[in-house]
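Have the structure open and follow along.

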Amino acid sequence: MKVIYNGLVPFRGFTAINLLGVVFARREYRPLSEAVLRHEAIHTAQMRETGFLGFYLIYMLEWLWGMLRLRDAHTAYRAIRFEREAYRNMADPNYLTQRRPYAWTRPEV
């Protein structure tokens, strides 16, 4: 996974963003932790499963639905299925080797 450090993308307040499998990170977070890299790698796996366009479409629809229901941008972001899977498993160094396809569709245990 390629990581590009810069001062523009993502906006301040965010560490990194995965765009089409390339991670853009704020230079002040160089180097990214293994957990953050794993979080972004989980997103790349999700993108491959849904087609990259499908990932972004589902992501935005879930965020908009969350905004309508929850009335808070951060809470809506954390409620997105893709984010729940990534945050829940970013500390597990073995997660990507044992991850089941479409794990983001399964209810949390």
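Let's begin with the sheet: β2 (16–19) and β3 pair in the antiparallel sense over four bridges. Strands here are DSSP runs of E with at least two residues, helices are runs of H or I with at least four, and both are numbered from the N terminus. Two strands pair if DSSP finds at least two bridges between them. Before going on, note that this is a predicted model, where local features need pLDDT of at least 70 and side-chain atom pairs count only at pLDDT 80 or more, while totals for chains, interfaces and linings use all residues. Residues are numbered from 1 along each chain as its sequence is written, and side-chain values use heavy atoms, with hydrogens and water left out.

**The sheet**

Look at Asn18 and you'll find its bridge partner in β3, Val23. The β2–β3 hairpin has two residues between the strands, and Leu20 takes a positive phi near 55 degrees there. On to strand β1 (residues 3–6), which pairs with strand β3 (residues 22–26) in the parallel sense, again over four bridges. Here Ile4 has Phe24 of β3 as its bridge partner. Put together, the three strands make an open sheet with mixed pairing, in the order β1-β3-β2. That leaves β1 and β2 as the edge strands, each pairing on one side only. On average, neighbouring strands are turned by 25 degrees against each other, direction ignored.

**The helices**

Helix α1 lies across β1, β2 and β3 and runs at about 25 degrees to β2. Axes are lines fitted to C-alpha atoms, for helices over the stretch in contact, and angles run from 0 to 180 degrees between N-to-C directions. Two helix pairs are worth a look:

| Helix pair | Axes come within | Crossing angle |
|---|---|---|
| α1 (residues 34–50) and α2 (residues 52–70) | 6 Å | roughly 110 degrees |
| α2 and α4 | 8 Å | roughly 100 degrees |

Who touches whom, with contact meaning heavy atoms within 4.5 Å? From α1, His43, Gln46, Met47, Arg48 and Thr50 meet Phe52, Gly54, Phe55, Tyr56 and Ile58 in α2. By class, that contact has five nonpolar, four polar and one charged residues. Ala, Val, Leu, Ile, Met, Phe, Trp, Tyr, Cys and Pro count as nonpolar, Asp, Glu, Lys and Arg as charged, and the others, Gly among them, as polar. Over at α4, Arg81, Phe82 and Glu83 meet Phe55, Ile58, Tyr59 and Glu62 of α2. This contact has four nonpolar, no polar and three charged residues.

**Loops**

Two cis peptide bonds can be checked in the loops. Val9 and Pro10 are joined by one with omega of about 0 degrees, and Pro10 sits in the loop between β1 and β2. Arg30 and Pro31 are joined by another, with omega of about -10 degrees, and Pro31 lies between β3 and α1.

**The pocket**

The largest pocket holds about 770 Å³ of space. A pocket is an open set of points on a 1 Å grid over the protein atoms alone, where a 1.4 Å probe fits, with protein on both sides within 12 Å along at least five of seven lines; lining residues have an atom within 4 Å of a point. The volume is the space filled by probe spheres set on the points, which are joined across faces, edges and corners. Of its 28 lining residues, Phe14, Ala16, Ile17, Tyr59 and Tyr77 are the closest to the centre. The lining divides into 20 nonpolar, six polar and two charged residues.

Terms used: Contact means heavy atoms within 4.5 Å.
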